[in-house]
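Please open the structure in a viewer and keep the selection tool at hand.

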Amino acid sequence: MKTNITIAGHEIQPGEKKTINVPLPDLYTSANIDMPVHVINGVEPGPRLFVSAAIHGNEINGVEIIHRLLKSPDITHLKGTLIAIPVVNVYGFIAQSRYLPDRRDLNRSFPGSKKGSMASRLAYLFTQEIIKQCTHGIDLHTAAIGRTNLPQIRAELNHGMEIKKMACAFGAPVVMNSKKLLEGSIRQTASQLDIPILLYEAGEALRFNEVAIKAGVHGIISVMQFLEMLPPDGSHCDISKKPLLAHSSSWVRAPQSGILRAVAELGTHVEEGEVIGIVSDPFGDNEEKILADGCGIVIGRTKLPLVYEGEALFHIAHFHEPSGVIKAIEALHELHGSD
Ligand SMILES: [Zn+2]
């Protein structure tokens with residue numbers, strides 16, 4: 001692979017660091033809009049890793065993860081190239097919205113097209129300028145608005161050993177195998193281009209979550225060490241250890257509309273038939289218990305107590321060894337503090 005890289009017409013030589021403002025369509029006020037891309041090109045050649053955040057404009061934990069990653073002294077003396085894009089969906093970020101102004105979801109618009117919708121054009125630009133120039137990728141997300149996720153890696157583990165090892169190196173307490181990738185997602189495009197990509201899901205939209213952020217920075221550095229972009233420091237994950245892989249997961253839904261009193265916290269172990277919440281009307285009459293549909297760990301849940309019948313409330317992942325996951329969650333809080 002060549003050691004210089006060109007993004008939006010700007011060349012970055014080996015040993016150079018640059019922030020490039022990739023021009024996007026203006027706001028209708030006529031103000032200019034750019035997508036900031038920070039490139040650190042190491043002196044020595046090596047993998048090219050992109051780390052992207054806020055493809056969903058209101059998922060801001062990843063923005064802070066990239067901020068701290070770029071400030072970290074650990075990433076000096078980098079081999080290969082790190083391309084960091086803290087805010088991909090700049091319009092959604094400004095509007096504090098998941099979507100683009102055309103109400104489309106950018107993560108359903110990849111690989112995009114030059115003459116398509118606003119979302120499709122942005123996806124196309126990102127595919128051409130970033131994804132196609134890289135050998136590996138990490139995309140940072142949080143749960144959608146009103147929900148929260150336990151730090152977890154989602155990856156197409158059947159795609160090969162490299163992606164499996166990256167998922168393991170990240171060191172999140174939970175790894176979910178994506179057997180089928182969402183149509184139009186960045187992961188589907190990367191997969192079709194044979195670029196191993198991890199999705200890190202942690203925390204909630206429009207909030208910073210300290211554990212999720214610290215675990216994210218640590219995870220990215222661990223993956224960079226596995227890729228030999230950074231020297232090992234002994235603190236990164238042992239990739240010979242089996243990842244704590246969920247064999248399945250399911251959403252427990254509201255049995256009726258009402259006010260939710262959630263019992264099960266994120267990261268707790270639940271048994272089949274255990275009461276994990278109660279939904280009732282505002283007077284407390286017509287109470288209905290919500291039961292866990294199987295033994296597992298709560299990896300996602302709603303934060304909003306106002307629910308409609310059928311709404312997804314608790315995301316439960318099922319493991320062969322749930323005790324290992326509980327230990328990993330405890331270790332995560334010990335390492336990164338709790339909040
Ligand atoms: Zn997202």
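**A guided tour of a predicted model**

Begin with Ala54, which sits in the loop between β5 (48-53) and α1 (61-71). The model is a predicted one. Ala54 is not a glycine, yet its phi is positive, near 55°. Is Ala54 buried or exposed? It counts as buried, because 25 C-beta neighbours lie inside 10 Å and the cut-off for a buried residue is 20 or more.

Next, select His77, in the loop between α1 and β6 (81-85). His77, also not a glycine, has a positive phi of about 60°. His77 is exposed, with 12 other C-beta atoms within 10 Å.

Move on to Pro111, in the loop between α2 (90-95) and α3 (118-129). The peptide bond from Phe110 to Pro111 is cis, and its omega is near 0°. Most peptide bonds are trans.

Now display the largest nonpolar core, which has 95 residues; Ala167, Val174 and Leu198 have the most contacts inside it. Helix α6 (residues 210-226) gives the most to this core, namely 10 residues. Domain 1 (5-226) and domain 2 (248-318) both give residues to the core, so it lies between them. Select Leu198 in turn: among the residues it touches are Ile138, Ile153 and Phe170.

Finally, select α6 together with helix α7 (residues 322-336); their axes come within 10 Å and cross at roughly 90°. This makes α6 roughly perpendicular to α7. Val211, Lys214 and Ala215 of α6 make the contact with Leu332, His333 and His336 of α7. By class, this contact has 3 nonpolar, 2 polar and 1 charged residues.

Technical notes: Residues numbered from 1 in each chain as written. Predicted model: local features only at pLDDT ≥ 70, side-chain atom pairs only at ≥ 80, totals over all residues. Core = buried A, V, L, I, M, F, W, Y, C linked by C-beta atoms within 7 Å. Helix = DSSP H or I, 4+ residues; strand = E, 2+ residues; numbered from the N terminus. Domains from an automatic or database assignment. Contact = placed C-beta atoms within 7 Å. Axes fitted to C-alpha atoms, helices over the stretch in contact; angles between N-to-C directions. Parallel < 35°, antiparallel > 145°, perpendicular 65-115°, else oblique. Nonpolar A, V, L, I, M, F, W, Y, C, P; charged D, E, K, R; others polar. Lists of a residue's contacts leave out its neighbours within four places in sequence.
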